[in-house]
Amino acid sequence: MNRFLTILFIAVCAHLGWKYFNRPDASVDSNTASATEMATLAASIKVGDVVMYSTTECPYCAQAKAWLNQNNFTFTECNMSVDSHCESEFKSYGGNGTPYLVVRNHHMKNGFDSDEFVAAMSNHSGR
């Protein structure tokens with residue numbers, strides 16, 4: 001029985017190691033990015049790279065802002081409750097919900113998703 005458990009343990013470790021080392025590296029994802037990778041992405045932001053269209057009463061906007069601030073991502077907020085120009089821009093993009101982010105010309109049309117945000121940053125970090 002002890003030998004069986006040892007072999008099972010080795011097989012599980014080998015399988016997990018194979019999955020780890022053979023995972024696709026297409027882009028960084030927010031759940032697996034190291035603090036260094038996130039800091040590097042955050043430091044690469046230039047003024048105007050990240051614009052969030054929001055409204056004052058939007059709870060999802062508050063969550064997105066909290067995540068961006070927690071991870072030190074600089075962004076420009078365009079609050080449609082305060083500035084009609086923001087609403088005009090938002091409508092010109094075909095936006096229909098908030099938060100609506102434009103990340104280095106990538107439009108996050110379905111609300112904020114940290115993995116989509118990090119992928120957009122990663123795919124355009126060498127501009």
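A disulfide is defined here as a pair of cysteine sulfur atoms within 2.5 Å. The structure shown is a predicted model, in which local features need pLDDT of at least 70 and side-chain atom pairs count only at pLDDT 80 or more, whereas totals for chains, interfaces and linings use all residues. Residues are numbered from 1 along each chain as its sequence is written, and side-chain values use heavy atoms, with hydrogens and water left out.

**View 1. The disulfide between Cys-58 and Cys-61.** The sulfur atoms of Cys-58 and Cys-61 are 2.5 Å from each other. The link is right-handed, with 85° about the S-S bond. Cys-58 has a relative accessibility of 9% and therefore counts as buried (under 20% relative accessible area; exposed is over 50%, and partly exposed lies in between, with a 1.4 Å probe and protein chains only). Cys-61 is likewise buried, because its relative accessible area is 1%.

**View 2. The disulfide between Cys-78 and Cys-86.** In this pair, the sulfur atoms are 1.9 Å apart. The link of Cys-78 and Cys-86 is left-handed, with -90° about the S-S bond. Both cysteines, Cys-78 and Cys-86, are buried.

**View 3. The cis peptide bond between Thr-98 and Pro-99.** The bond joining Thr-98 and Pro-99 is cis, with omega about 0°. Pro-99 belongs to the loop between α4 (84–92) and β3 (100–103). Helices (H or I, at least four residues) and strands (E, at least two) are DSSP runs, numbered from the N terminus. Most peptide bonds are trans, and most residues other than glycine have a negative phi.

**View 4. Positive phi values at Arg-104 and Asn-105.** Arg-104 lies in the loop that separates β3 from β4 (106–108). The phi of Arg-104 is near 50°, a positive value in a residue other than glycine. Arg-104 has a relative accessibility of 5% and so counts as buried. Asn-105 is also found in the loop between β3 and β4, and its phi, likewise positive in a residue other than glycine, is near 70°. Asn-105 counts as exposed because its relative accessibility is 71%.
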